[in-house]
Amino acid sequence: MVMQRRARSPEAKLRRAEDLLEAARGLAAARGGVRHITLASVTEAAGLHPSAVRRYFDSKEELLLELAERGWRQWHESLAARLVGTRGLAPEGVAAVVAATLAAQPLLCDLLTHVPLSLEGDVCIERAHRYKTNTFAVYDAIVDDLTAASTMTSAQVQDLITVALGLTANLWQISHPTPTLAELYAQHPRWGHIALDFEPRLTRLLQATATGLATVET
């Protein structure tokens with residue numbers, strides 16, 4: 001592979017950073033999740049020297065946290081587009097929209113496990129602060145959009161999103177097992193989490209949650 005020259009201009013540096021992020025996205029999709037990628041594999045896929053990544057990201061955690069932050073924005077954009085012109089949406093409909101738009105962001109679904117586990121705690125405080133600031137702003141926008149489009153209150157929507165994030169982080173990993181676990185489940189069908197259908201189950205559980213939340217005084 002031909003290594004690219006060191007970036008000199010701000011535009012070239014930005015392009016190099018985007019190349020690294022795009023390489024990480026591709027590797028995560030090809031290898032079954034972000035836990036299987038390394039900085040070395042990312043720089044190789046981007047056509048950069050292994051030492052070059054430090055000029056753009058301090059660590060793999062910072063690179064992946066950037067992808068998570070962008071994933072939140074992409075989720076909101078998808079959700080907002082689904083809700084255009086919608087008013088009076090019932091709780092079950094709200095849950096369906098949340099589930100469908102989350103499932104359409106597989107990288108974010110994967111990263112939702114890793115962000116609280118390691119990513120946001122293993123970067124510098126300035127980067128963690130920026131991540132929190134930007135994602136909480138997106139979270140607020142998501143809550144506002146869902147509240148405006150539905151019969152649910154803001155408090156009910158916030159609780160639904162809390163449940164959605166937790167379920168997504170768990171169910172995504174269970175329904176995308178490692179090769180070792182996939183082989184184990186094939187040997188022991190009773191343990192066969194590989195058969196778990198992510199989006200339908202997420203939708204069903206969120207609809208039950210939303211229906212229950214709609215009966216609670218807030």
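Guide: A salt bridge requires a side-chain nitrogen of Lys or Arg within 4 Å of a carboxyl oxygen of Asp or Glu. The model to which this rule is applied is predicted.

Visitor: Why is the pair Arg70 and Glu18 called a salt bridge?

Guide: The closest N and O atoms of Arg70 and Glu18 are 2.7 Å apart. That value falls within the 4 Å limit, so the pair qualifies as a salt bridge. The count between domain 1 and domain 2 is one salt bridge.

Visitor: Which residues make up domain 1 and domain 2?

Guide: Domain 1 covers 1–57, and domain 2 covers 60–215. Their C-alpha centres lie 26 Å apart. The contact draws 15 residues from domain 1 and 15 residues from domain 2.

Visitor: How much area is buried between the two domains?

Guide: About 1,300 Å² is buried between domain 1 and domain 2, with carbon and sulfur atoms giving 66% of that area. In domain 1, Val34, Arg35 and Phe57 lose the most area to domain 2, together 44% of what that side buries.

Visitor: How many residue pairs are in polar contact across the interface?

Guide: The rule finds five such residue pairs across the interface of domain 1 and domain 2. On the side of domain 1 that touches domain 2, helix H1 (10–31) and helix H2 (39–46) each give two or more residues. The largest share, six residues, comes from H1. By class, that side of domain 1 has nine nonpolar, three polar and three charged residues.

Note on methods
Residues numbered from 1 in each chain as written. Predicted model: local features only at pLDDT ≥ 70, side-chain atom pairs only at ≥ 80, totals over all residues. Heavy atoms only, no water. Domains from an automatic or database assignment. Contact = heavy atoms within 4.5 Å. Buried area = accessible area lost by both parts, 1.4 Å probe. Polar contact = N/O pair within 3.5 Å; in protein donor to acceptor, adjacent residues only side chain to side chain. Helix = DSSP H or I, 4+ residues; strand = E, 2+ residues; numbered from the N terminus. Nonpolar A, V, L, I, M, F, W, Y, C, P; charged D, E, K, R; others polar.
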